[in-house]
Amino acid sequence: MDKVTYLQFNGKDFTDFITFVKSMNSRDKTKYARVAILNVENGKLVCRANDDSNNMIEYNVELYEKDDMIMESIAASITDLVALVKSAYNEKFTIRKCHGQFEFNVIGGGWMPFKTSEADITRYSISGEESEIGKINSVKLRNAISSVLGYTQEYTYARDKYIQFSKTQMAVTSRLSSVVMKDEFVEMTLHRDDATMLRSLLKDNFDLTISKLSGAVGRMLFSGPKFKFSTIESGIETGVVTFVDNINDYITIDGDELYRLALFSEEYSASKHIVGMSIKDCKLNISIKNVLAAKHNSTVQSTAVGDVKDTSKEADVPSHNLLKALKLFQDKHSREINIYISDKMLNEQNNIILFDNNTQAIINIYNR
């Protein structure tokens with residue numbers, strides 16, 4: 001009679017891995033990316049998977065010591081593993097091999113057989129010489145990515161799909177407009193989809209190590225206490241967007257008031273979806289452009305900082321772009337927002353700047 005062998009491992013860790021791989025594979029079209037490889041290595045259950053974009057994940061799952069442990073690799077369907085995880089018997093998941101068949105311990109103490117396949121583990125293993133480029137706190141990076149992901153969902157140029165980090169700032173673009181956050185980061189460029197996946201791995205507070213991997217294709221490697229996540233290195237050129245230091249002579253406004261006016265401009269049936277913005281008597285004046293004969297004008301509660309000059313013309317800002325920028329500050333819970341509008345900037349750069357202590361949204365008035 002064949003000997004029965006077992007694997008028993010942490011259910012939460014394994015569920016986190018399966019959930020991540022399911023999202024990683026959500027846009028895939030090939031069957032080859034729909035497999036996870038489970039392998040016992042150095043006292044842990046190492047779980048591996050990849051996707052059509054050649055992103056790769058290695059996830060360490062806590063392994064419980066048992067006699068007669070399964071030591072061979074298990075290659076199983078992601079779809080089957082998702083279903084099995086939902087029906088697991090308890091928080092300690094158990095797989096056994098009995099009569100040559102792998103089985104998963106499910107509700108009620110029963111054993112559910114599942115299909116396995118042959119797989120070349122080297123296709124799923126992260127390899128190459130690592131060259132560390134820096135470390136960053138996981139919570140800080142997660143919050144930074146979260147703050148700009150919505151801004152990157154619409155794009156015109158290829159660079160608009162990327163989040164660019166330098167040692168002193170993070171920047172994203174939308175045509176001629178941009179958002180810049182000033183802080184200490186690691187120099188790298190992430191596609192927004194890769195950034196979304198990375199963010200989902202940054203649940204706990206730890207130091208994330210960022211490296212480059214040598215090989216035929218340049219790769220980035222992100223290493224945490226439980227995982228290694230590798231992506232293809234971005235080929236996009238680093239942008240020229242920079243944080244504007246020492247802004248003087250601006251006004252501080254109630255961001256909620258401006259957001260509600262911009263939202264009205266976006267939703268109102270007679271609106272041209274243009275918000276006219278100007279400064280008069282140190283106050284922010286808003287004019288929502290419409291197709292009716294009567295003109296609109298509102299004054300937003302404002303506080304002048306420095307020597308604020310009246311503008312001689314309005315900045316006609318698309319309401320959609322203004323809403324996108326204001327949403328960034330809402331997500332940061334910044335009730336008060338600073339606005340810099342001047343004739344000089346409008347004439348030379350066609351821009352206005354919304355900012356707080358470390359984030360700037362540079363809005364181009366022709367970004368339509």
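How many disulfides does the structure hold? The count comes to 0 disulfides. The model shown in these views is predicted.

**View 1. Helix α5 and the residues that cover its buried face.**
Helix α5 runs over residues 255–267. Its 13 residues, at 1.5 Å a residue, should span 18 Å, and the end C-alpha atoms are 18 Å apart, which agrees. Gly255, Leu258, Tyr259, Leu261, Ala262 and Ser265 are the buried residues of α5. Down the helix axis these buried residues fall within an arc of 165 degrees, so they line one face of α5. An α-helix has 3.6 residues a turn, so residues three or four places apart point the same way. Arg260 and Glu267 are exposed on the other side of α5. The cover over the buried residues of α5 includes the strands β17 (250–254), β18 (271–280), β19 (283–290), β20 (298–300) and β23 (336–340). Helix α6 (319–331) is also among the elements that cover them.

**View 2. Aspartate 254 at the N-terminal end of α5.**
Aspartate 254 belongs to strand β17. With 12% relative accessibility, aspartate 254 counts as buried, because buried means under 20%. Its side chain caps the N-terminal end of α5, with an oxygen 2.9 Å from the backbone nitrogen of aspartate 256. Aspartate 254 also forms a salt bridge with arginine 335, whose closest N and O atoms are 3.2 Å apart. Arginine 335 lies in the loop between α6 and β23 and aspartate 254 in strand β17, so this pair ties together parts that are 81 residues apart in sequence. Is arginine 335 buried or exposed? Arginine 335 counts as exposed, at 55% relative accessibility. Leaving aside neighbours within four places in sequence, the contacts of aspartate 254 are Val300, Gln301 and Arg335.

**View 3. Salt bridges elsewhere in the model.**
The structure holds 21 salt bridges. Side chains of opposite charge can pair when their charged atoms come close. Arginine 192 is buried, with a relative accessible area of 11%, while aspartate 193 counts as partly exposed at 28%. Lysine 309 and aspartate 307 form another salt bridge, at 2.5 Å from N to O. Here lysine 309 counts as exposed at 53% relative accessibility, and aspartate 307 is partly exposed, with a relative accessible area of 47%. Which residues are linked with Asp16 in a network of salt bridges? Lys12 and Lys203 are linked with Asp16 in this network.

**View 4. Arginine 48 in strand β3.**
Strand β3 covers residues 44–50 and contains arginine 48. Arginine 48 is buried, with a relative accessible area of 6%. Not counting residues up to four places away in sequence, arginine 48 touches a set of residues that includes Phe17, Val35, Ala36, Ile37, Asn39 and Glu41. Ile57, Glu58, Ile121, Tyr124 and Ser125 are also among the residues that arginine 48 touches. The side chains of arginine 48 and serine 125 are joined by a polar contact of 3.5 Å. Between arginine 48 and asparagine 60, 12 residues apart in sequence, the C-alpha to C-alpha separation is 9.0 Å.

**View 5. Cysteine 47 and cysteine 98.**
Cysteine 47 counts as buried, at 0% relative accessibility. Cysteine 98 also counts as buried, at 13% relative accessibility. Strand β6 (residues 92–98) holds cysteine 98. With its neighbours within four places in sequence left aside, cysteine 98 is in contact with Val4 and Glu103. Cysteine 98 and valine 244 are 146 residues apart along the chain, and their C-alpha atoms are separated by 66 Å.

Methods: Residues numbered from 1 in each chain as written. Predicted model: local features only at pLDDT ≥ 70, side-chain atom pairs only at ≥ 80, totals over all residues. Heavy atoms only, no water. Helix = DSSP H or I, 4+ residues; strand = E, 2+ residues; numbered from the N terminus. Expected span 1.5 Å × (residues − 1). Buried < 20%, exposed > 50% of the residue type's maximum accessible area, 1.4 Å probe, protein only. Arc of directions from axis to C-beta. Contact = heavy atoms within 4.5 Å. Polar contact = N/O pair within 3.5 Å; in protein donor to acceptor, adjacent residues only side chain to side chain. Disulfide = S-S within 2.5 Å. Salt bridge = Lys/Arg side-chain N within 4 Å of Asp/Glu carboxyl O.
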